[in-house]
Amino acid sequence: MTGPAAGVNTADVAGTTIRYRELGDPGAAPVVLLHGGSSSAATWDRLTVALVSAGRRTIAADLRGHGGSSRTPAYPLDGFRDDILGLLDALDLGRVALVGHSLGAHTASLIAQRQPERVTHLVLEEPPVPAREPSGDHGLSTARFLLPALALLTLRRGFDPRAVTSPVRQLRAADPAWWHRLASIASPTLLISGGPRSHTPARRLAEVARTIPRARLVTIPVGHRVHSHDPSGFQAAVVPFLTG
């Protein structure tokens, strides 16, 4: 990471330790960054520098089962959500912008559905999209979704494998309530697609963008990890959106 080093801290959230990296003026508008499965808060280092340079405060959290956060007996999708809401409460953060990738994007969507008044801006990079109905297309290929995580697992032990496999199983189930709650998201929302090189179908993200009241879709055709494979393009889309 170039520039000043982020402070690394932990918070106890209902008995779960959540580690987070914080950088920027404590009085500046906060942006909370949520990584994808098998990753960690460090994936946001380049974006953090850009946001702090633009006058924002950043809080990048390790999701449960990842990085320095607790390994837990179970990994329900709403558990990821509640951990981050608890972290916001512990840090006395009222309204925040949320940026999430993959599993982190789904978590951010759940937060924006649960507490829409708390979210000023929402960025969903390559969120997994569950089917509307039990017989519907969830658009998730387990093999394509898990192969990058399993490759990383052979290189390092930075996450609990169950923290990846369990969410994938849950996301493969239909979730009509999630689709229904998209209409409750009140913040301006930016969806980012990785295009045809990604395992997340762009048509499903377009459907999500049409369902969220104030959403638009941007395609950066570099695959699932847009912020890593094209950091300049990602920042060019996200930083102006978050800073106005």
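# Briefing: sheet, cores and aromatic pairs in a predicted model

A search of the whole structure finds 3 aromatic pairs. In one of them, the ring centres of Trp 178 and Trp 179 lie 5.4 Å apart and their planes meet at 85°, so this pair is edge-to-face. Trp 178 and Trp 179 are both buried. The structure is a predicted model, and its protein chain contains 9 helices and 8 strands.

**The chain as a whole**

- The protein chain has 244 residues, and 56% of them are buried.
- Among contacts in the protein chain with a separation of 6 or more, 76% are between residues 24 or more positions apart.

**The sheet**

- An open sheet is formed by 8 strands, arranged in the order E1-E2-E4-E3-E5-E6-E7-E8, and its pairing is mixed.
- Strand E1 (7-13) and strand E8 (215-219) are at the edges of the sheet; each has a single partner strand, so one side of each is left without a neighbour in the sheet.
- On average, neighbouring strands of this sheet are turned by 20° against each other, with direction ignored.
- The antiparallel sense is represented by E1 and strand E2 (residues 16-23), which pair over 7 bridges.
- Gly 7 has Glu 22 in E2 standing opposite.
- The parallel sense is represented by E3 and E4, which pair over 5 bridges.
- Within E4, Thr 58 is the bridge partner of Val 31.

**Strand E3**

- Strand E3 covers residues 30-34, and 5 of its 5 residues are buried, which leaves the strand mostly covered.
- Pro 30, Val 32 and Leu 34 point one way from E3, whereas Val 31 and Leu 33 point the other way; all are buried.

- Helix H2 (residues 77-90) lies across several strands, namely E1, E2, E3, strand E4 (57-61) and strand E5 (96-101).
- The direction of H2 is at about 110° to E1.
- The largest nonpolar core has 41 residues; those touching the most other members are Val 32, Leu 34, Leu 87, Leu 98, Leu 122 and Val 208.
- Leaving aside neighbours within four places in sequence, Leu 87 is in contact with Ala 11, Val 13, Ile 18, Tyr 20, Ile 59 and Ala 61.

**Gly 68**

- Gly 68 belongs to the loop between E4 and H2.
- The relative accessibility of Gly 68 is 29%, so this residue counts as partly exposed; the class lies between buried, under 20%, and exposed, over 50%.
- Not counting residues up to four places away in sequence, Gly 68 touches Thr 17, Arg 19 and Asp 62.
- Gly 68 and Asn 9 are 59 residues apart along the chain, and their C-alpha atoms are separated by 9.6 Å.

Methods. Residues numbered from 1 in each chain as written. Predicted model: local features only at pLDDT ≥ 70, side-chain atom pairs only at ≥ 80, totals over all residues. Heavy atoms only, no water. Pairing = 2+ DSSP bridges. Helix = DSSP H or I, 4+ residues; strand = E, 2+ residues; numbered from the N terminus. Axes fitted to C-alpha atoms, helices over the stretch in contact; angles between N-to-C directions. Contact = heavy atoms within 4.5 Å. Buried < 20%, exposed > 50% of the residue type's maximum accessible area, 1.4 Å probe, protein only. Phe/Tyr/Trp six-rings, centres within 6.5 Å; stacked < 30°, edge-to-face > 60°. Core = buried A, V, L, I, M, F, W, Y, C linked by side-chain atoms within 4.5 Å.
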